[in-house]
Structure formats: C-alpha cells, structure tokens
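This report describes selected features of one protein structure. Please consult the sequence and the structure shown here while reading.

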Amino acid sequence: MFAQKLVFKHFGIDQGLPSSIVYNTFQDSKGYLWFSTEMGVARYDGFNFKIYNSEDGLVDDIVFQVYEDYAGRIWFRNMAKQLCYLENEKIIEYPGNDLLQIKNQEYSVISSVHNTKDTLFVGFTSGTAICIAGKKVTSLQMSFFYPNKNELFWFKCIGNKFIAYLPTGSSILLYDTILAKRSIRPVCIELKNGNYLLGNDKRLILFNNSIVLNKISYKSRIYSVLEDSNGNIWIGTYANGVYFYQNGNLQNPNPVHYFAGMTVSVYEDREQNIWLATKENGVYLLSSIEYMSYTKEEQLGNNLITCLEAVGDTLLIGFNNGQTKFLYNQKIYNINLLGLNSKTILLIKNTFKNTFIIAHSTDNFWDDILVVEKNKIVSLFKLKDRIKSFYFDKKNEKILIGTRLRLFEYSKNLKADTLLKSIRINAVYSDSGKIWIGNFDGLWLLMNGKLSYYGNHFWALRKNIIGINKSKEGLLWVITNGHGLVAFKNNRFYSITTANGLLSNNCTSLLIDEKNKIVWIGTNKGLNKITYQEKDILKYEIESYTTNNGLVSNQISAISIIKDTVYIATDNGITFFNYKKVSPIFSAPLINISGIQINGQNRDIPLQRNLHYKENRVSISFSGISIRSQRNLKYKYKLIGMDANWYLTNNQYVDFMNLKPGSYFFQVYAQSSNGVWSDKPAVLSFTISPPFWQTWWFIAFCIIITVSGLWLFIYLKLAAIKKKNFIKQQLVELENKALRSQMNPHFIFNILSSIQNFILKNDTEKATLYLIKFSQLVRYILNTSKETKILLSDEIQMLNLYLELEKLRLGNKMNYIINLNNLKNAESIEIPIFLIQPYVENSIWHGINNKETSTGHINIDLSIVENKYLICIVEDNGIGRKKAGLQRENKSYLHNSIGMKNIQQRIALLYDSSVNVEDLTDSDGNATGTKVILKININEL
C-alpha cells in the first residue's frame, strides 16, 4: 500500500542552471524568473536559461539575492558585500560600493532595496543597517529590515525586546528573549486577512497591529515565508525542507513536509506557480497542489504504464514489465495472478459481469488473452499473433480483437470467429452492424461482410488511425498519428489539429465522457480536454494539461476517469487530478523584445534609432513569457510602415528583408496555450535613413539644378535659334548678293560682245553654240536663285557651262580641268549656292585674263574627306594676287572684291567650314598662280 505525492518539476544543471546551489528566486516586471546561485545568476524565460557571471560583469559569482528597483534595473546582492545591477543587458557595478565598507568584515549584507528617490537601504548580519542617498551615508544602529513587494518591515532589538515596525506606522513587541545577533534574519509578509507573519531563527510568529496571535517553533531556522494565491502558507527552512499549511491553517500540528534535509526558499510567480529553490538540488516547480502522482519513487513498480481500466472506484493498472496493480482510495495494491508469466500487459478490460480480459505478451513472441474472474485466470487463449486493438460491444456482448494480421470476434461463451484476414487492425469499434477499422492506411468500414475504404471521404482519414470511439449523439471520433482528431457524422467531417489548439497532431489515446460532453485526447505533448456542444461540434473549447500544469510527463499512453478525477498514464508514472477543481490559469503572457540583428550583426537594445539605408535587413527576436505555456506560445506581429496587416507565427523571430527607407513601428503580441493574448504588445521603432540622393535637401537641390539647367537650356536654345535665324538671314542676303554678282553687267556685256563678234565674222556656228550655252547658264542661275542650297552635281554642271563660255570668249588663252576624284554621289550632296563659282571667276578674270604670255590653266579638284567635308581646290597659273591687285587699283571695278568678301562672310557663318587662299611661286619667288582651298562641312548644312 503506497501513497501519492504532489508533482514537482525539477530544474538542475542538466536543465540549464549553472549550479545546484540555488539561494533565491525572483520574477521581474518583464516576466523573467531569476535564480541566485553559487555560480552566477540564471534568467529563465520559460524556454531557456541565460547565465550571467563574473565574465559578464558580476562583482562576484556567489549571488544571494536578486531584486528590481523602481527604474527596472535588476540588482544583485553577492558574497563580496558589493552590489551591481543589470541595465539594457549590461551589468554595471554600483558606484557607491566604496560606501558599503563596514568595520567588521566578518558580517555580510543580508538585504538591500532602493526606493523611488534612489535611496539605497542595506542591512547587515551585524544588526546594523545603513542608508545611502547620493554620497551621504546614515547608520541605523541595531536595525533590520525585510523588503516584501513594495513594503519595508523594520525590526529593532532594544535590550531583550524584539520590536517590529510595520508599514502602517505601528509597532509591536514580538518577544523579549535575548537573541544572538547572527540569529536575527527576519522574513516577514502581510497576509491576505491583514495579519502579519514573521519568521526569525526557529520561530514563526503570527500577529496583527496590536497583539501576537500565535507562535510556532521549528527544529530549524526559518529561511522563507510565503502565502500563495490560494491562501496556502509555505515555510522554508534551513536544512529541513518546507512545511505546507493548506488553506493557511497554521493550527494544523502536522503540516505536509517536503524535501527534508534541504534548505528551501519558496516563491510564487505571476501565474501562481510555486518555485522552491534549494541549496542542495537546484529548483523545483509546483504548478498546482491539485495534481497528484504515483511514480517509481512511491514503489509504483514501474513508470512505464501501458493501460488503465476503471471499475467503479477502482483503477486497474498494467505495466510493460508484466505487473498488474490497482488503485483504490488513493492507495496502490498489487494484483497477484497465479500462473501469469507475462512480459508486457497490453490491455485490461472489464467485460462480462465479474470478468476481466487481460491481453499480454510473453517471451514466445505471441500475445495471449486471459479471462480473469475474482483474481483467478479461468481461461487462456493463445492467438499466435500480436494484439493491436480491443473493443467490447456491451450491447451485443461481443469482443472484437484486432491483431497484426486478423480481426477476431468473441461471443459471451468466448467462442472466436475470424471476420477478416490479412489486414492489420490498429483500432476497432463496432456500432449497429458497422465495424470501423483503423490501420496505417487510414479508416475502413466493414459492413455486411464487405470492406470499404473510408479514407476517400476525408483527407485526414488516410493516415495511421490510433483510436476510434463514438459519442451518444452519433459523432464518431477518430484520433490519428499525424493529423490530429477527426469527428464526423452523416459524412460531415470536422478536423481538430494544432491549428485549432490541439497540443500535438500525434495522438495516443482517446476517452469520451458523454455525460459532460468532454473528449479527452492524449498526445505525445500532453493532454487535451475538448468540451463540445451536442448540437454543434464546431462550438468547442480546448484546454491543455502538460508538465507545466502538473503532469509527471507529457508522453501519455492511457486515460481513465473515476467520477471527476482524471487518471493519466505516462512513461513516468500516473498523474491524477479532479478536473472540476483545476481551473486553468488564464494569465496573459508577457512579451519582450529579446534581440535585434541588423544585416546579420547583433545590436544592443534599444536599437539605434537611425539606420543607414544599406542597413535594410532587420531581424527581431521576441520572447513571450508564460511558464505554464512554455513552448506552446503563439505570436502575432505587424510592422507599421511596411504593412498594416497582422501575421501569426510560432517562431520567436521575424526577418524583414530589403526594407525601404522610412519610419517603422514594430508590434508583437504573445498568446498563451489557453488562448489568452498579451495585455500590451512589445514595441520597437526605428528609422532607415534614405540615401543622400533621396533626401529632401538633395531632391530640392536637384530640382533647383534641373530648373536652372532647363532655364539655361531654353535660354541657349532660344539664343541658338535666334543666332541660326540671324545666320540664315545673313546667308540669304549674302546669297542674293552672290546671285547679283553672278549676273554682273560686265560678264553679260562680254558674253554678248563675243556673240556679236562671232556673228560679224559670219561664224554663226560658234555664235549659236555660245548663245545656247549662255542661255543654259542663265536658266541654271535663275532656277536656283530661289534656293539656298544646290546639289553638287548641278554646281559642277554650272561650272562646266561657265568655264566653256569663258573659254569660248578667251579663245586659246585658257584651259580647265574638273577632277571629281572619289565623288560618286554628287547627286545627293548639297552645298551652299554660288560658293565655288566666284573663286573660279576670280581666277579667270584676275589671274588668266591678264596673263600676257602662255596659256592659262585652271584645275578644280573636288573630294570628300572623313565622310563629312567637301574639299574644293581651285588652282590657276595666273599672274598672282599681288600683280592682279596692282592692276585693280588702276580700275574702278570692285565686283570681284565684293564677291570674295561675300563668300568669306558666308563661309564664316557655316559651322566647321573654312576657306584658305595661297599664293603660288617658283624657286625664285616669282608668282606662278593662286590656290584656293574650300572646306565645307556638308553634315551641318
């Protein structure tokens, strides 16, 4: 006969603590739990421990106490009698540590606290206390204080009297026994009923504002005192464990005693979890006193329980070592079945009246079925197969047993029929002639001897089926390994998975409480309670139970209920609790920003507000803190400035890639396993600066430059148009002048005189030829007089006519040659009109016409250079410019000089065009002619 115990979850070095010697526990305003240890402090967020030690800045690794001041700084009191604090994730040494020096180094600091005025109170084991305000130190002789939440309890020893000074301002004499100074380490709290409870040395004193109400003596010194949220009182002692007074009943002479031989400090967090820090074996967590357990330590025999079966007020238990036991009236008893040589108990089922079916495996590899009546084996069936499932049809008094290869049906007289062969039966359920079968392939229906596959009706029924049951309203409940829970009726299917609140999609066991409309689902991550409505399965509530609530393990193998008490079989024993007394703690989780990375590099918190435009990859880590939810937290977040939508995630971080310049505001909430969201979000704001070319000043500068450039462009464009129009006007005027120069009276007179001379000489043939050519030349000149440009081919034709007329006029005094060189497209090249002819005329009239001896020659070379320049060279062997100039001085004829000036002005107006005149001489310096080089940019015309 063995008794149960409360379920404590242990945290030691293997779970992340730096040491098994833990002095104290504290929870800060952000929800982090702090553990003071022999090797630094450990901060716990419900997932992991973060260790701070001397390498991180602690003055000493032996830390006795952690507390938080009004400014959110976390202070550490240590063995070195020095203080330091954590601020913005950096440990800073208290600048007034030199003021903490005391005369007797034997004494140590036992308490310290800050008030809102940043005044520090420090208490020592010597019975003294000091007050530090700035650089001023005030000694408070023979004074002790104990901080409890936001209150300070002061105590003084005056003679033999020990007096308490309460936060209300009143004082009371607690006792008048002489105490050694070292024994004075008071711990004091205010109870919910307004009374006070003091623990000092080996005495516990209950008192109010005026009198002492009760005194209790202990064998060991009192280390901590706690009244929890449910009114229970915990007394932690030095080296003698913790005493538990349920409902605060201090009159109980025999309180429950735990952890004997250990020094225990007791603390309750914001979710009503009880933490017991010990100097011997780390920390223990008690989530609720309603959860009790039977484990191997209570001589359960074996923690690996394979099956449970409730019969009235008795719970039958089967183990994987072949043992069977029963639990009655919270005591465990052995069941000794004579002749049973079992390896593993597979199932125990209460079937026919006073009859139990026990399936077990033996060393011969096959499973057997035992029929037990009054603790005696009355029948034995050797299946020569492995049993996988069992169902007792009470209505028809038949037993269905599914094995690795077959489905058997047993009648009341235990006669067996084989219903199916060559099919594995992992789960079986019989209902009104329908037999539902589950295996690795999904769900099957056996009806009228015909087997049909039901996985085609719903996707979640195509995988491994673990269990099948039916509630009285006709809903068939199916649990799977991988797809959670499926309920269906009349081919209407409902899926419940982790997305709906299920702890895991890998289900292990199923139990239906039809009376209370509850479905219990065991998983590999804990227990789910689904409360549904008979008329609408979609209206359901899910509650979760895990080791954070009080289970001894999350790996559940079987579930059973006796009255309102749920029994859960796990791989670490049995947990049981009255589910109607266990109220879920709907505490909103706290949420904190725990880390920031910019372009993959860690940044301190708070984040540098202004980031460079290249620092556009921001990773934000956050931590929701709920000890009861632990890793079952969910999150929703949004980044205002990028997107106004909320996004859900199970991760504790989020990456934002290629953020554009701008201001951003990040918000994140955490949701507990019970569906409660954080009251307030964790927030973070930052700004990504734009590149300089996107800043307002640069844009303004660019606008100014653009406007100025546009204005300058328009101005220059207008100036260019104006200049072009001016040049065009000048060209027109000069071209008109050139036209007039072409038709000068002397030329016409000479031509007509020559024709007359030919007529007088009766040389009508020459006169006719002369007249024809003259008329052609005049026609060309008149036809082109309205144009500013002329085709080079037409210019050459006009030059030929003009030179032929001059040659006829001068007789044998002149020859000419026009060389076209590489010109092949004279028909497509345009040049300014009347630009070449005046130079040819000048060569004839002033060079060759005045030549006294020998025949005059004129060479005209035309060529294209660089595909853009027309080069025209007019070269003669006349008398030269100097002698021609002397002759012109004796005449009043200015036509030619005016024509040359006109051409020079026209060429000067053309872009990238020029004219050069060279005087040709012999070796003695005598003039031998003139050479004119015209360079015309035909691409700019």
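## Basis of the description

In this report, contact means heavy atoms within 4.5 Å. The angle between two elements runs from 0 to 180 degrees and is taken between their N-to-C directions. The model is predicted.

Five strands build an open sheet of mixed pairing, and their order is 68-70-71-73-72. Strand 68 (814-819) and strand 72 (914-921) are the edge strands, each of which pairs on one side only. On average, neighbouring strands of this sheet are turned by 10° against each other, direction ignored.

Strand 72 and strand 73 (residues 927-937) run antiparallel and are joined by eight bridges.

Helix 4 (residues 792-810) lies across strand 68, strand 70 (856-865) and strand 71 (869-876). Relative to strand 68, helix 4 runs at about 170°.

## A nonpolar surface patch

L710, F713, I714, L718 and I721 make a nonpolar surface patch of about 490 Å². Among these residues, I721 is found in helix 1 (residues 696-742).

Is I721 exposed or partly exposed? I721 counts as partly exposed because its relative accessibility is 40%, and this class lies between under 20% for buried and over 50% for exposed.

Key:
Residues numbered from 1 in each chain as written. Predicted model: local features only at pLDDT ≥ 70, side-chain atom pairs only at ≥ 80, totals over all residues. Heavy atoms only, no water. Pairing = 2+ DSSP bridges. Helix = DSSP H or I, 4+ residues; strand = E, 2+ residues; numbered from the N terminus. Patch = residues over 30% accessible without salt bridge, like charges linked within 9 Å, V, L, I, M, F, W, Y side chains within 5 Å. Areas by Shrake-Rupley, 256 points an atom, 1.4 Å probe, with all protein chains shown as cover. Salt bridge = Lys/Arg side-chain N within 4 Å of Asp/Glu carboxyl O. Buried < 20%, exposed > 50% of the residue type's maximum accessible area, 1.4 Å probe, protein only.
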